[in-house]
Amino acid sequence: MAFGEFDLIDTYFTHRWPKRDDVVKGVGDDAAILTLPSDSELIIATDTMVSGVHFDEQMPARAVGHKVAAVNLSDLAAMGAEPAWLSLALTLPEMDQEWLEGFSHGLREICDYYDCHLIGGDTTKGPLTLTVTAHGFVPQGTALRRDGAKPGDWIYVSGSIGDAGLALAAQQRKVQISDSHYRRVLERLYFPSPRVALGQALRDIASSAIDISDGLKADLGHILQASNVGARVDVDELPLSLALTESVTAEDAIRYALHSGDDYELCFTVPESRRGVFDTVLARHPAKPTCIGRITSEANKLRLERNEEPWQGADEKGGYDHFG
Ligand SMILES: [Mg+2]
């Protein structure tokens with residue numbers, strides 16, 4: 001008998017998966033049955049990855065499995081949520097067991113790590129497409145949102161930004177970088193680490209938050225728009241990795257950090273009144289948040305500055321088309 005849909009689900013998505021007590025019934029019925037913790041709110045995020053659009057055939061199956069979960073967990077992190085469950089819609093052009101083995105391995109690894117349970121999904125035949133829906137919780141009323149930033153709040157970014165964009169540019173041969181830097185930034189493009197612990201730690205501290213999926217400029221822009229505020233950002237304060245600063249010019253490194261996406265760091269704002277708590281609790285957090293600027297009252301205005309003067313690189317394109 002041919003290897004069919006039920007064998008696929010059984011082989012790759014049922015066995016060896018983490019089990020949570022709040023899953024009454026997961027994969028294997030018409031729908032999942034889940035127990036909700038009391039005094040909590042459910043946080044739900046969905047993201048799709050399409051072959052040829054969000055990734056190409058160079059990307060290992062294990063990385064595809066990791067990343068499609070990671071981008072969803074990153075959205076939960078940006079809300080301050082604790083991840084609990086995932087569902088997966090998988091569209092496959094053919095039954096490729098080697099690919100499925102790698103994909104399910106990558107997905108399972110990250111689910112295991114974050115104690116997230118695959119609770120169901122769907123498989124269909126068609127162009128390779130993956131859709132994950134992630135579910136998590138926050139204590140009632142504590143979710144981080146984009147619309148809470150106020151003038152005077154400090155703006156932070158976790159980790160470093162621009163690496164995934166550099167990896168993509170190097171892969172497309174738009175820039176030449178050393179093998180060791182390439183390995184490092186490719187790891188960030190293929191295996192992003194969602195800032196789940198940081199997001200939860202920020203629930204009582206940050207006034208707004210977003211994950212950086214489309215580039216700092218675009219994603220901070222979403223906070224500014226939702227909160228009806230502006231921002232001043234010092235481009236020399238942007239957290240850049242050694243791999244980035246040693247691979248391109250200083251000005252290009254800033255452009256990568258501002259415009260390239262896929263880093264899945266968090267950008268968030270902290271009111272002056274919470275800054276002492278923030279410094280005490282989070283200054284030594286492994287996600288190493290860096291203060292990059294301050295929220296202003298000028299609605300939707302992002303000022304990129306150097307030494308309090310407008311940054312000259314802001315508008316000049318200079319034949320730079322890596323992000324087109
Ligand atoms: Mg997001």
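Where does Ala169 lie? I looked it up and found Ala169 in helix H4. I take helices (H or I, at least four residues) and strands (E, at least two) as DSSP runs, numbered from the N terminus.

Notes on the model. I am working with a predicted model, in which local features need pLDDT of at least 70 and side-chain atom pairs count only at pLDDT 80 or more, while totals for chains, interfaces and linings use all residues. Residues are numbered from 1 along each chain as its sequence is written, and side-chain values use heavy atoms, with hydrogens and water left out.

Ala169, continued. I read a relative accessibility of 2% for Ala169, so Ala169 counts as buried. Buried means under 20% relative accessible area, exposed over 50%, and partly exposed in between (1.4 Å probe, protein chains only). I also checked Ala169 against Ser260: the two are 91 residues apart in sequence, and their C-alpha atoms are 9.7 Å apart in space.

Whole chain. I counted 10 helices and 13 strands. The radius of gyration is 21 Å, close to the 20 Å that the globule rule gives for 324 residues, so the chain is as compact as a globular protein of that length. The radius is taken over C-alpha atoms, and the rule is 2.2 Å times the number of residues to the power 0.38. Along the principal axes, the C-alpha atoms fill a box of roughly 70 × 50 × 30 Å. Of the 324 residues, 52% count as buried. Among contacts (heavy atoms within 4.5 Å) with a separation of 6 or more, 86% come from residues 24 or more positions apart.

Surface and charge. The chain exposes about 15500 Å², and carbon and sulfur atoms supply 48% of this area. Accessible areas come from the Shrake-Rupley method with a 1.4 Å probe; for residues, only the protein chains shown count as cover. I noted 30 positive and 49 negative side chains, with the centres of the two sets 4 Å apart. Lys and Arg count as positive and Asp and Glu as negative, with His and the chain ends not counted. Each charge is placed at NZ of Lys, CZ of Arg, CG of Asp or CD of Glu.

Magnesium site. Which residues coordinate the magnesium ion? I found Asp75 (OD) and Asp211 (OD), at 2.1 Å. The pair links distant parts of the chain, with Asp75 in helix H2 (residues 61-78) and Asp211 in strand E8 (residues 208-211), 136 residues apart. Donors are N, O and S atoms within 2.8 Å of the metal (3.2 Å for Na, K and Ca); water is not among the atoms, so sites may look incomplete. Asp75 is partly exposed at 22% relative accessibility, whereas Asp211 is buried at 3%.

Met95. I placed Met95 in the loop between strand E4 (82-92) and helix H3 (97-113). Met95 is partly exposed, at 37% relative accessibility. Not counting residues up to four places away in sequence, Met95 touches Phe3, Gly4, Glu5, Leu8 and Leu100. Met95 and Leu8 are 87 residues apart in sequence, with 8.6 Å from C-alpha to C-alpha.

Positive phi. Arg173, which is not a glycine, has a positive phi near 60°. I found Arg173 in the loop between helix H4 (163-171) and helix H5 (179-190), exposed at 74% relative accessibility. Asp262, also not a glycine, has a positive phi of about 75°; Asp262 lies in the loop between helix H9 (250-259) and strand E10 (266-270).
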